[in-house]
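Take a walk through this protein chain with the structure in view. We go from loops to cores to charged pairs.

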Amino acid sequence: MAFNELTDGLPEPVRKAWERSLTSGRAAVGRRTVLRAAALAAGAGTLAACGIPPARTAGTGDSAANAAKDLSDSEKEVNFSNWPLYVDTDEDDKEKHGTLEAFTAATGIKVRYSEDVNDNVEFFGKVKPQFAAGQDTGRDLMVLTDWMAARLIRLGWAQKLDPANVTTAITTIDSRFRAPDWDPGRLYSYPWAGIQVVIAYNRKATKGKEVTSVSQLLDDPDLKGRVTFLSEMRDSVGITLLDMGKDPAKFTADDYDAAIARLQKAVDSKQIRRFTGNDYGQELSSGDIAACVAWGGDLIQLRADNPDIEFVIPEKGFVSSTDNLLVPAKAQHKTNAEKLIDFYYQPKIAAQLVAGIGFVSAVTGMKDELAAISPDTAANPLVVPTPEMAAKAHVFRTLTETEESSFEEKFSKLIGA
């Protein structure tokens with residue numbers, strides 16, 4: 001589905017936000033160096049404009065209409081759709097993925113693995129016609145970012161998981177990932193990897209001065225004109241809300257307006273140079289900018305290439321989100337998919353995955369296993385947050401359709417989009 005067709009009927013601010021995500025945000029670049037997928041969701045009216053029925057009430061995912069006959073007993077296979085470069089890969093044979101092969105060896109279930117989730121919006125357009133028609137998408141398991149995962153659950157297009165098949169996941173999922181507001185208790189989803197938004201600075205460009213807070217980014221005269229924020233609304237507004245003492249999971253419309261005003265003041269004074277997608281990395285490395293709001297996945301590679309780049313977890317906290325495993329409606333091999341989810345929640349398997357992709361894991365007990373196979377990765381707080389760092393993670397709450405349109409309009413005006 002073309003972008004214009006997919007976004008036909010969207011409120012203009014939301015349409016622009018989707019376009020930013022596709023062209024310059026996390027959705028536009030590879031997974032090795034940047035954390036994927038922004039949280040830019042439209043409401044039920046948006047879906048209706050694309051020929052999709054309005055969101056159903058909670059619990060529809062349990063209905064008989066949502067499920068197909070499960071062929072798992074007779075067909076030992078599972079069709080798994082994921083993002084590119086988002087599973088451990090053999091360096092000599094890119095077609096080999098150690099953890100997937102270990103799953104097949106342990107269960108006898110063959111994994112048909114596809115790297116066909118290049119972007120949440122694009123992928124949604126790809127599977128929407130089958131979902132809307134009540135048909136099998138040909139996939140038993142897919143990985144989507146939290147806002148899109150929430151949408152599929154609301155629409156009844158994700159199947160509720162059988163607790164008997166995910167007992168390991170139930171017991172090993174880290175407590176901070178257990179109850180997102182869009183899937184309390186993780187009845188429909190489990191995290192594949194976590195995403196972090198932090199502060200970064202170039203020590204050489206700041207002449208050794210540390211940059212430790214959003215307030216410093218917005219007010220320090222030594223940084224004037226050499227600061228960038230992200231063009232993703234939830235990331236930049238969320239971390240600003242935290243700096244103002246507001247919880248992104250509970251903020252009001254007035255809180256949001258206050259955060260926008262705080263950022264607008266820095267724009268008007270030319271403290272903020274601009275709002276960027278992933279392109280801040282080159283400017284930070286070269287010293288053209290001194291400090292910025294950044295995605296943690298970028299910084300692993302940037303720091304490896306330039307030792308002057310530092311990252312900081314603000315004292316008041318940082319924004320986090322997740323990419324999530326879901327079993328779609330009408331999946332033909334639901335039990336096999338649940339077994340694959342559960343397999344990845346074994347600490348040893350989770351460690352092998354993290355060593356391969358360098359992203360945050362939601363599995364408790366994983367760190368010790370990781371340290372045995374990749375000590376440097378295990379010691380990196382961008383991959384394995386310390387308990388103190390994890391305690392500072394905050395999520396941006398789910399927005400209503402009205403809020404989405406209003407908030408994106410205000411943010412678009414702020415960044416000049």
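Is Leu85 buried, partly exposed or exposed? Leu85 counts as partly exposed, because its relative accessibility is 39%. Keep in mind that this is a predicted model. Leu85 sits in the loop between strand 1 and helix 4, which spans 98-107. Its backbone stands out. Phi of Leu85 is near 55°, a positive value in a residue other than glycine. Most residues other than glycine have a negative phi.

Lys207 also has a positive phi, near 60°, and is not a glycine either. Look for Lys207 in the loop between strand 4 (189-202) and helix 8 (214-219). Lys207 has a relative accessibility of 79%, so it counts as exposed. The cut-off for exposed is over 50%.

The largest nonpolar core has 65 residues. Within this core, Phe80, Leu152, Trp192 and Tyr344 touch the most other members. Helix 6 (residues 146-155) gives the most to this core, with seven residues. Which residues does Leu152 contact, leaving aside its neighbours within four places in sequence? They are Phe124, Phe131, Met142, Leu144, Trp157 and Ala158. A second, separate core holds 53 residues. Among them are Phe229, Ala266, Ile272 and Ala290.

Helix 12 (residues 296-305) comes next. Its buried residues are Gly296, Gly297, Asp298, Leu299 and Leu302. What covers them? The cover includes strand 4 and helix 11, along with strand 7 (291-295) and strand 8 (309-312).

Charged side chains are the last stop. Side chains of opposite charge can pair when their charged atoms come close. How many salt bridges are there? The count comes to 17.

One of these joins Glu77 to Arg112, with the closest N and O atoms 2.8 Å apart. Glu77 lies in strand 1 (residues 77-81) and Arg112 in strand 2 (residues 110-114), so the pair ties together parts that are 35 residues apart in sequence. The cut-off for buried is under 20%. Arg112 is partly exposed, at 38%.

Another salt bridge brings together the side chains of Lys410 and Asp257, at 2.8 Å from N to O. This pair links distant parts of the chain: Lys410 belongs to helix 18 (residues 401-415) and Asp257 to helix 10 (residues 253-268), 153 residues apart. Lys410 is partly exposed, with a relative accessible area of 31%. Asp257 is partly exposed too, with a value of 31%.

Glu283 and Arg273 form a further salt bridge, at 3.9 Å from N to O. Glu283 is in helix 11 (residues 280-286) and Arg273 in strand 6 (residues 272-276), ten residues apart. Glu283 has a relative accessibility of 12%, so it counts as buried. Arg273, at 40%, counts as partly exposed.

Salt bridges can also join up. Arg203, Arg303, Asp308 and Glu310 are linked in a network of salt bridges.

Notes. Residues numbered from 1 in each chain as written. Predicted model: local features only at pLDDT ≥ 70, side-chain atom pairs only at ≥ 80, totals over all residues. Heavy atoms only, no water. Salt bridge = Lys/Arg side-chain N within 4 Å of Asp/Glu carboxyl O. Helix = DSSP H or I, 4+ residues; strand = E, 2+ residues; numbered from the N terminus. Buried < 20%, exposed > 50% of the residue type's maximum accessible area, 1.4 Å probe, protein only. Contact = heavy atoms within 4.5 Å. Core = buried A, V, L, I, M, F, W, Y, C linked by side-chain atoms within 4.5 Å.
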